[in-house]
Amino acid sequence: TWGTVCDYGWGTNDAVVVCKQFGYYGPPTPYSGGYFGQGTGIILFSDLNCNGIESSLFSCLFSSSIGHTTCTHSRDAGVSCLQQDGCTTGDVRLVGTGSTISQGRVEVCYNNTWGTVCDYGWGTNDAVVVCKQFGYYGPPTPYSGGYFGQGTGIILFSDLNCNGIESSLFSCLFSSSIGHTTCTHSRDAGVSCLQQDGCTTGDVRLVGT
């Protein structure tokens, strides 16, 4: 079940934790007072107190027990994330022409450098693995041929062959070694992710108006 976060105590360090889960490492802007509209259902956290180094909001300090707060949805917290070049191996981002929080050219971090994915063999199961990292569990649409524009730098993967159950593209089968392919950026892979109600504890999504 998806739930919101109360803005009591909501600040930059809490927003950092959320944005890191989406592969954004620039300084975020936290929003309060239902800035992006009011959610519905359970309010999971109140008085969050993150250090900014946690991998999930569940690892932060917060008041009371999960889902038990007197807060209302008029105080739903939000965030605006900012991209910067720093990254951690395995992080994924969606960028390029026409990109949004749920679609774009797939770029993966390897040794603190962002790289693209070749569309040779790129398909639905590969796209599923990417979208799950952003908390999207609906059937994705894979794109090929540099649909979201051509990236630059290293092309990490070619001929990916994921089952769809992996937690990262690094856990999938692929041809040759990482970063060694004859593919060009004209074949950069992309994806459009689709939200559905299913989720796994700790997943994060950014929604609202």
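Asp-119 counts as buried, because its relative accessibility is 6%. Buried here means under 20% relative accessible area, exposed means over 50%, and partly exposed is in between, with a 1.4 Å probe and protein chains only. Keep in mind that this is a predicted model, where local features need pLDDT of at least 70, side-chain atom pairs count only at pLDDT 80 or more, and totals for chains, interfaces and linings use all residues. Residues are numbered from 1 along each chain as its sequence is written, and side-chain values use heavy atoms, with hydrogens and water left out.

Back to Asp-119. Which residue forms a salt bridge with Asp-119? Arg-187 does, with the closest N and O atoms 2.9 Å apart. Arg-187 lies in the loop between strand S9 (155-157) and strand S10 (190-192), and Asp-119 in the loop between strand S7 (113-117) and helix H2 (124-133), so the pair ties together parts 68 residues apart in sequence. Helices (H or I, at least four residues) and strands (E, at least two) are DSSP runs, numbered from the N terminus. Arg-187 counts as partly exposed, because its relative accessibility is 32%.

A salt bridge is a side-chain nitrogen of Lys or Arg within 4 Å of a carboxyl oxygen of Asp or Glu. By that rule, there are 4. Why do such pairs form? Side chains of opposite charge can pair when their charged atoms come close.

Now Glu-107. Its salt bridge with Arg-93 has the closest N and O atoms 2.8 Å apart. Glu-107 sits in strand S6 (residues 103-110) and Arg-93 in strand S5, so parts 14 residues apart in sequence are tied together. Glu-107 also pairs with Arg-105, at 3.0 Å between the closest N and O atoms. Glu-107 is buried at 6% relative accessibility, Arg-93 at 13%, and Arg-105 at 10%.

On to the disulfides, meaning pairs of cysteine sulfur atoms within 2.5 Å. How many does the structure hold? It holds 6.

One of them joins Cys-6 and Cys-71, sulfur atoms 2.1 Å apart. Cys-6 is in the loop between strand S1 (4-5) and helix H1 (12-21), and Cys-71 is in the loop between strand S3 (43-45) and strand S4 (78-80), 65 residues apart. The S-S torsion of Cys-6 and Cys-71 is about 80 degrees, so that disulfide is right-handed.

Cys-19 and Cys-81 form another, again with sulfur atoms 2.1 Å apart. Cys-19 lies in helix H1 and Cys-81 in the loop between S4 and strand S5 (92-100), so parts 62 residues apart in sequence are tied together. The link of Cys-19 and Cys-81 is left-handed, with -85 degrees about the S-S bond.
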